[in-house]
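The following note is meant for a colleague who is meeting this structure for the first time. Please keep the sequence and the model in view while reading the points in order.

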Amino acid sequence: MTSAIMIIDTWDKYYPSLSFLQTPMERTVLRISKLLQRWKGPIVLAAYQTELPPDQAVHFPWKHPHHLIQSAVARRNNTIISWNTDEVNVYLKNNNVNHLYYTGFSIPGCIEHRELGIHSMTASGYKCEVVIDCCLNLMSHNMDEADIIHETYKYSITSGYKFCFGDYI
């Protein structure tokens with residue numbers, strides 16, 4: 001069996017009223033990109049509510065996965081860009097994946113509760129870990145980047161999830 005990286009909700013834009021999150025989001029995207037340069041295994045990019053028909057896309061400020069992540073994933077052969085649970089599960093099965101490393105936005109939030117999030121995938125039998133330095137808490141009420149990162153780490157550590165750092169996978 002093998003491991004895969006699961007990238008959740010690294011969008012091209014976020015809510016304009018939360019612009020203070022832009023810098024930490026960009027830095028997290030750069031850390032994910034650095035991880036992808038070293039990673040040789042399967043990769044799933046699941047950016048929910050992207051690539052929607054125009055009549056549905058008006059509800060969200062994001063339209064696509066972040067361009068840096070999307071291009072890094074698209075250049076590889078052993079990847080999938082989808083937020084369709086059935087499609088991703090077939091991909092994971094075909095690649096003999098039993099272990100998922102989670103990156104992206106947000107913990108708490110989407111990384112946990114999306115259909116491809118930790119809760120669902122753990123219930124489906126996958127071993128799941130949070131790559132703590134490649135995730136970010138977008139639900140923070142702090143405007144200081146250090147406090148946002150602190151909250152991300154604190155939540156990840158106290159949640160009981162197994163976690164690791166991108167440099168060590």
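In which loop does Asn-96 lie?

1. Asn-96 lies in the loop between α4 (85-94) and β4. The model is a predicted one, and in it Asn-96 has a positive phi of about 55 degrees although it is not a glycine. With a relative accessibility of 46%, Asn-96 counts as partly exposed.

2. Is Asp-9 buried or exposed? Asp-9 counts as buried, because its relative accessibility is 0% and the cut-off for buried is under 20%.

3. As for the overall layout, the protein has seven helices and six strands, and from the N terminus on these elements run β-α-β-α-α-β-α-β-α-α-β-α-β. Of its 169 residues, 49% count as buried. Among the contacts between residues at least 6 apart in sequence, 78% join residues at least 24 apart.

4. Strand β4 (residues 97-105) deserves a careful look, since eight of its nine residues are buried, so that the strand is largely enclosed by the rest of the structure. It pairs with strand β1 (residues 2-8) in the parallel sense over seven bridges, and here Ser-3 stands opposite His-99 in β4. Strand β4 also pairs with strand β5 (residues 127-136), in the parallel sense and over six bridges, with Tyr-102 standing opposite Val-130 in β5.

5. Another cis peptide bond joins Ile-107 and Pro-108, with omega at about 5 degrees, and Pro-108 has its place in the loop between β4 and α5.

6. The largest nonpolar core has 25 residues, of which Ile-5, Ile-7, Met-25, Leu-36, Ile-69, Val-73 and Leu-138 touch the most other members. At least two residues of this core are supplied by each of β1, α1 (22-38), β2 (43-46), α3 (67-74), β4 and β5, and the largest share, five residues, comes from α1. Leaving aside its neighbours within four places in sequence, Met-25 is in contact with Tyr-14, Phe-105, Leu-136 and Leu-138. There is also a second, separate core of 23 residues, which includes Met-6, Val-44, Leu-116 and Val-130. In soluble globular proteins, nonpolar side chains tend to be buried together.

7. Glu-151 has its place in helix α7 (residues 145-158), where it is partly exposed, with a relative accessible area of 24%. The C-alpha atoms of Glu-151 and Leu-136 are separated by 8.7 Å, the two residues being 15 apart along the chain.

8. On the surface, Ile-157, Phe-163, Phe-165 and Tyr-168 form a nonpolar patch with about 420 Å² of accessible area together. One of these residues, Phe-163, lies in strand β6 (residues 162-164) and counts as partly exposed at 32% relative accessibility. The protein as a whole exposes about 8,500 Å², of which carbon and sulfur atoms supply 54%.

Key:
Residues numbered from 1 in each chain as written. Predicted model: local features only at pLDDT ≥ 70, side-chain atom pairs only at ≥ 80, totals over all residues. Heavy atoms only, no water. Patch = residues over 30% accessible without salt bridge, like charges linked within 9 Å, V, L, I, M, F, W, Y side chains within 5 Å. Areas by Shrake-Rupley, 256 points an atom, 1.4 Å probe, with all protein chains shown as cover. Salt bridge = Lys/Arg side-chain N within 4 Å of Asp/Glu carboxyl O. Helix = DSSP H or I, 4+ residues; strand = E, 2+ residues; numbered from the N terminus. Buried < 20%, exposed > 50% of the residue type's maximum accessible area, 1.4 Å probe, protein only. Pairing = 2+ DSSP bridges. Core = buried A, V, L, I, M, F, W, Y, C linked by side-chain atoms within 4.5 Å. Contact = heavy atoms within 4.5 Å.
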